[in-house]
Amino acid sequence: MSTSNTMTCFRGLTCFLLLVLVFGCAILPPVLSEDDVACLQGVKNAVANPSTLSSWTFSNSTVGFICSFVGATCWNDLENRLLGLDLGEMSLGGQIPSALQYCYSLQSLDLSGNNLTGPIPDDICNWLPFLVTIDLSNNQLTGPIPDDLANCTFLNKLVLSDNMLSGYIPSQLASLARLKTLSVANNELSGYASQF
């Protein structure tokens, strides 16, 4: 193959790879956006007393429309990509919605001061691996504190106080190097937490 043909082939391959990269990047944000929209739709459908989320309407399809929702914080107002979800003190009932798994890039989750029941999902850190803050305090959550919370490696603040959680504080939480605040007061926990 001549040098000219080799250069033409190389240029063609380079152009093809650039097109794949450009179109790949163009496609990726809407997929993430659609996931975050699906997340909020699922949360609204899953909780009891969703009337406090009545302003969440999904008929709008403009860029960043979920960023104006009560409790939603976006990375920027030009895309439907959630950074934080603060639904504290909204009288929400039911269990912690599994639809949260679609809010993959979420860094802050506050569901405090509601009437949520049932366990803390074992998979919450698989759903939301970038969480820095989790506040589930002042609910009616039951069951153990999941060992898998130790998989939220960016976690800085974990507030689980004033629930009905039982069992031990998982020793695995001691591996969370960034954890600055851990509150588990006023639960039905046993044992002690000397490793913290």
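In this predicted model, Cys67 and Cys74 form a disulfide in which the two sulfur atoms lie 2.2 Å apart. The link of Cys67 and Cys74 is left-handed, with -100° about the S-S bond.

The link of Cys39 and Cys103 is left-handed, with -100° about the S-S bond. Cys39 is buried, with a relative accessible area of 0%, and Cys103 likewise counts as buried, at 1% relative accessibility.

Another disulfide joins Cys125 to Cys152, again with an S to S distance given as 1.9 Å. This pair links distant parts of the chain, with Cys125 in helix H2 (residues 124-127) and Cys152 in the loop between E7 and E8, 27 residues apart. The torsion about the S-S bond of Cys125 and Cys152 is about -105°, and the disulfide is therefore left-handed. Cys125 and Cys152 are both buried.

The loop between strand E7 (140-143) and strand E8 (157-159) also contains Leu149. With a relative accessible area of 2%, Leu149 is buried, because residues under 20% are placed in that class. When residues up to four places away in sequence are not counted, Leu149 touches Ile124, Cys125, Ile134, Leu155, Leu158, Leu160, Leu173 and Leu176; Cys125, one of these contacts, is the residue that a disulfide joins to Cys152. The C-alpha atoms of Leu149 and Pro170, which are 21 residues apart along the chain, are separated by 8.7 Å.

Turning to the strands, five of them form an open sheet with parallel pairing, in the order E3-E5-E7-E9-E11. The edge strands of this sheet are E3 and strand E11 (188-189), each of which pairs on one side only. E3 pairs with strand E5 (residues 115-118) in the parallel sense over two bridges, and the bridge partner of Gly93 in E5 is Asn115.

Two residues stand out for their backbone geometry. Most residues other than glycine have a negative phi. By contrast, the phi of Asn49 is near 60°, a positive value in a residue other than glycine, and the phi of Ser91 is likewise positive and near 60°. Asn49 lies in the loop between helix H1 (3-46) and strand E1 (72-74), and is partly exposed, with a relative accessible area of 37%. Ser91 is found in the loop between strand E2 (82-86) and strand E3 (93-94), where this serine counts as partly exposed at 39% relative accessibility.

Technical notes: Residues are numbered from 1 along each chain as its sequence is written. This is a predicted model: local features need pLDDT of at least 70, side-chain atom pairs count only at pLDDT 80 or more; totals for chains, interfaces and linings use all residues. Side-chain values use heavy atoms; hydrogens and water are left out. Helices (H or I, at least four residues) and strands (E, at least two) are DSSP runs, numbered from the N terminus. Buried means under 20% relative accessible area, exposed over 50%, partly exposed in between (1.4 Å probe, protein chains only). Contact means heavy atoms within 4.5 Å. Two strands pair if DSSP finds at least two bridges between them. A disulfide is a pair of cysteine sulfur atoms within 2.5 Å.
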